[in-house]
Amino acid sequence: MASELTYRGGAAAHGSASNGGEYSPKPSKPLSWLSRAARYAAAEHRPVFALAGMLFAAALFTFSSSSSSSTSASSYTAASAGFRHLAIAGHPSFRESSVGGKVPLGLRRRALRVLVTGGAGFVGSHLVDRLVERGDSVIVVDNFFTGRKGNIAHHLQNPRFEVIRHDVYNPIKTIKTNVVGTLNMLGLAKRIGARFLLTSTSEVYGDPLQHPQVETYWGNVNPIGVRSCYDEGKRTAETLTMDYHRGANLEVRIARIFNTYGPRMCIDDGRVVSNFVAQALRKEPLTVYGDGKQTRSFQYVSDLVEGLMKLMEGDHIGPFNLGNPGEFTMLELAKVVQDTIDPEAHIEFRPNTADDPHKRKPDISRAKELLGWEPKVPLHEGLPLMVTDFRKRIFGDQEESTEAAGGLS
């Protein structure tokens with residue numbers, strides 16, 4: 001019975017009568033094994049063969065282009081050495097993209113979405129300016145109780161800006177805003193995984209027995225006084241913020257803001273700088289409460305915004321004192337306002353208010369060391385900028401009416 005050998009290629013060779021049905025391969029030719037291997041690979045391993053060819057071509061292409069790209073690759077590596085990206089969830093939060101070096105050409109900081117409560121107010125509107133300027137998308141929530149639409153009107157046509165008229169909480173009392181409002185925003189930050197910035201105040205120190213005030217000082221606050229709704233409200237807000245940090249692993253930052261002044265302040269908010277400037281412009285007496293020897297420290301708003309930015313972009317929780325350590329008595333401040341606006345402005349003394357702190361001056365050593373921040377604008381430079389803004393807002397309507405009347409005559 002003749003045997004049969006079937007090749008994988010499908011060909012069959014049969015034995016002949018001459019060999020008695022037994023298979024006898026033909027004598028091998030030189031290198032015939034190589035041709036058989038090539039035919040085998042081509043016939044049954046086409047995908048592997050094709051892949052090997054592509055890899056070989058890619059290797060040739062890489063080798064040929066490596067000499068032209070080596071210079072740019074090495075320069076990019078050198079530019080990006082020491083560069084790290086800082087990522088952050090971004091509603092009430094923000095930070096820069098680089099630390100320790102410039103951003104390599106072609107890489108841009110990722111724009112964030114930032115929620116600013118009270119963003120139409122004095123400090124909030126200046127913060128919004130900085131955030132929009134650097135390319136972030138900003139949402140402002142404000143009830144316009146003390147904020148002004150005019151402070152943010154120049155952003156209304158910007159597609160990256162949105163304003164919502166809303167109460168964080170109904171501000172029946174100041175303490176409800178500080179406590180319940182802060183609690184609401186902490187809950188929001190927890191839900192969306194955002195970093196939370198609490199803008200606290202130097203009022204948490206009360207009428208301090210330590211001078212200047214450092215962040216480790218616990219303060220001297222009257223819990224039942226007329227100022228307690230604000231003092232204790234902010235102290236409780238700090239407590240809630242740290243409780244969320246410790247109990248819910250929420251990323252938080254706390255700033256204790258000392259007296260701040262500048263354009264967009266409320267004209268009649270009762271603060272000493274706005275009081276003096278508005279009174280001098282209106283030719284009214286400058287009202288000094290008590291003997292005028294109580295001290296305060298005054299920082300220009302741009303310095304404060306810079307400090308808040310550095311705090312949010314840094315790795316330290318705080319609290320941090322953000323203020324200008326330059327200390328002025330109320331009489332000295334009145335003299336600066338007189339020199340700036342009206343040397344003939346009269347000073348009128350009135351009885352002091354209850355629980356008015358006798359001294360207030362920040363120790364900013366911690367902010368200098370850990371944030372690399374300190375104020376740069378002295379009072380004699382910043383005050384004229386505020387005066388220009390107040391003059392336009394106080395007399396703007398009157399001047400326009402005068403000009404209109406002159407045009408009709």
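Which residues in H4 meet which residues in H5? The close-ups below start there. This is a predicted model in which local features need pLDDT of at least 70, side-chain atom pairs count only at pLDDT 80 or more, and totals for chains, interfaces and linings use all residues. Residues are numbered from 1 along each chain as its sequence is written, and side-chain values use heavy atoms, with hydrogens and water left out.

**View 1. Helix H4 (residues 174–192) beside helix H5 (residues 228–248).** Helices (H or I, at least four residues) and strands (E, at least two) are DSSP runs, numbered from the N terminus. Thr 174, Ile 175, Asn 178, Val 179, Thr 182, Leu 183, Leu 186, Gly 187 and Lys 190 in H4 meet Cys 229, Tyr 230, Gly 233, Lys 234, Thr 236, Ala 237, Leu 240, Thr 241, Tyr 244 and Ala 248 in H5; contact means heavy atoms within 4.5 Å.

**View 2. Helix H6 (residues 272–281), mostly covered.** Nine of the ten H6 residues are buried, meaning under 20% relative accessible area with a 1.4 Å probe, protein chains only. Among them are Val 273, Phe 276 and Leu 281. Lys 283 follows H6 and has a positive phi, near 65 degrees.

**View 3. The largest nonpolar core, with 44 residues.** Such a core is a set of buried Ala, Val, Leu, Ile, Met, Phe, Trp, Tyr and Cys residues joined through side-chain atoms within 4.5 Å. Val 277, Leu 383 and Phe 390 touch the most other members. H6 and helix H10 (379–408) are among the elements that each supply at least two residues of this core.

**View 4. Around Phe 390.** Not counting residues up to four places away in sequence, Phe 390 touches Met 265, Cys 266, Ile 267, Ser 274, Val 277, Ala 278 and Leu 281. A second, separate core of 16 residues includes Ala 194, Tyr 244, Leu 250 and Val 252.

Key: Axes are lines fitted to C-alpha atoms, for helices over the stretch in contact, and angles run from 0 to 180 degrees between N-to-C directions. Buried means under 20% relative accessible area, exposed over 50%, partly exposed in between (1.4 Å probe, protein chains only).
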